[in-house]
Amino acid sequence: MKAAVRYNYCPPDGLTIRELPIPSIRSNEVLVKVKATTISRTDCGVLTGKPYAIRLFTGLFKPALPITGTDFSGVVVARGEQVEQYQVGDLVYGFFDQGLSTHAEYVAVPITKAILKKPEHITFEQAAASLEGAHYAYYFLDKLKLYAGDSVLVNGGTGAIGNAAIQFLKHKQARVVATCETAFVDYLYKQGVDYVIDYTQEDFTQFDEQFDAVFDAVGKSSFGKCKRLLKPIGVYVSSELGPNWQNPLLALAAPLMPGKKVRFPLPFSINKSMQYINELIEKGAFTPLIDRNYLLDDISEAFNYVMSGKKKGNVIIRFD
Ligand SMILES: NC(=O)c1ccc[n+]([C@@H]2O[C@H](COP(=O)([O-])OP(=O)(O)OC[C@H]3O[C@@H](n4cnc5c(N)ncnc54)[C@H](OP(=O)(O)O)[C@@H]3O)[C@@H](O)[C@H]2O)c1
């Protein structure tokens, strides 16, 4: 099978496409013929080993898994003797943020990992694109404890995380104000955003409204700059650590701080977020934003595009 391989942490150009044996499966694994996978910001971390903290999970000095890739959709082509939930021919999708070797034509997936049957009405590309950004969006919003009618400002409405967050918030009947560049303003209104700020024209931190929460889904701002946007007990949450790791530190100090607070969720259980995502897909309440798609042979180019910070939603690797 063809797979994208590297034996040391490296930039995208260090990845090579190699011919490798199809993986053999253990008793609790299924073998999946991959139909689509994505290149996400998580994949960039797994490829490069940066930020360095990621190496605690992916291998300290070199990557534990030579093949990159964290998500997949595809068809079960074999199953281990202990596997009862899946049959050969089932269409499945799944994700593991510490690496799952899915940038390959076949992948062996333990059924203890987050894997589910693919909702019938979505494509393989949509299934693969429904996982990484949506998983983080789920955990960041879960920490906010929001109710219908609460208001949230989402900075970065066209990111994989930010765009999933918008759809989850609208499903919870929140009031949503979101930022994006000019070309996507109409797109966000069509998704139900109540007010869209074109960040190329206007500084969102000067917006004249106070929110129950500000979710900086692209981690480009700070608690200090967003404080004036928060109601007296409003919460700031960011997908990034912030300068000098200030977001987790401020979150640790939150119990000692009266009023406005920072939260920094640790998104651990992918099984839980994936159940939620699957439920919303089934209800027609979540459709991932998809940008470009590439063939596996062009994976380095795809990684370079994702690292540019300009992708809109999700970038697909397809297997024709
Ligand atoms: N904490 C965690 O566990 C975790 C996990 C995964 C990712 N992350 C981090 O979360 C962040 C978001 O990830 P992602 O995959 O959602 O990002 P992404 O899809 O790569 O975000 C890119 C998008 O953000 C938009 N954008 C960039 N700068 C902006 C700005 N100043 N204002 C508004 N929109 C802006 C871009 O639009 P334009 O091209 O129009 O500018 C583009 O559509 C990344 O920094 C990533 O490293 C954290």
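I started with Q191, which sits in the loop between helix 6 (185-190) and strand 10 (195-198). Helices (H or I, at least four residues) and strands (E, at least two) are DSSP runs, numbered from the N terminus. I noted that this is a predicted model, in which local features need pLDDT of at least 70 and side-chain atom pairs count only at pLDDT 80 or more, while totals for chains, interfaces and linings use all residues. Residues are numbered from 1 along each chain as its sequence is written, and side-chain values use heavy atoms, with hydrogens and water left out.

Next I looked up what Q191 touches. Leaving aside residues up to four places away in sequence, Q191 touches N163, I166, Q167 and K170; contact means heavy atoms within 4.5 Å. With N163 there is also a polar contact, side chain to side chain, at 2.7 Å. A polar contact is a pair of N or O atoms within 3.5 Å; within protein, one must be able to donate a hydrogen and the other to accept it, and residues adjacent in sequence count only if both atoms are side-chain atoms.

Then I turned to the domains. I found domain 1 (2-130 + 288-318) and domain 2 (135-263), with bounds from an automatic or database domain assignment. Their C-alpha centres lie 29 Å apart. In contact are 10 residues of domain 1 and 11 residues of domain 2.

How much area do domain 1 and domain 2 bury between them? I read about 850 Å², 56% of it on carbon and sulfur atoms. Buried area is the accessible area (1.4 Å probe) that two parts lose on being put together, summed over both. On the side of domain 1, F95, L289 and K312 lose the most area to domain 2, together 51% of what that side buries.

I also checked charges. One salt bridge is counted between the domains, where a salt bridge is a side-chain nitrogen of Lys or Arg within 4 Å of a carboxyl oxygen of Asp or Glu. The side chains of E181 and K312 form a salt bridge at 3.3 Å, N to O. Four residue pairs are in polar contact between domain 1 and domain 2, both residues at pLDDT 80 or more.

Last, I looked at the ligand. It is surrounded by 24 residues, the closest being T158, E181, Y199, E240 and K311; a residue counts if one of its heavy atoms lies within 4 Å. An N or O atom in the side chain of Y199 is 2.3 Å from a ligand oxygen. Backbone N or O atoms of A160 and I161 also lie by ligand oxygen atoms, at 3.0 Å for A160 and 2.8 Å for I161.
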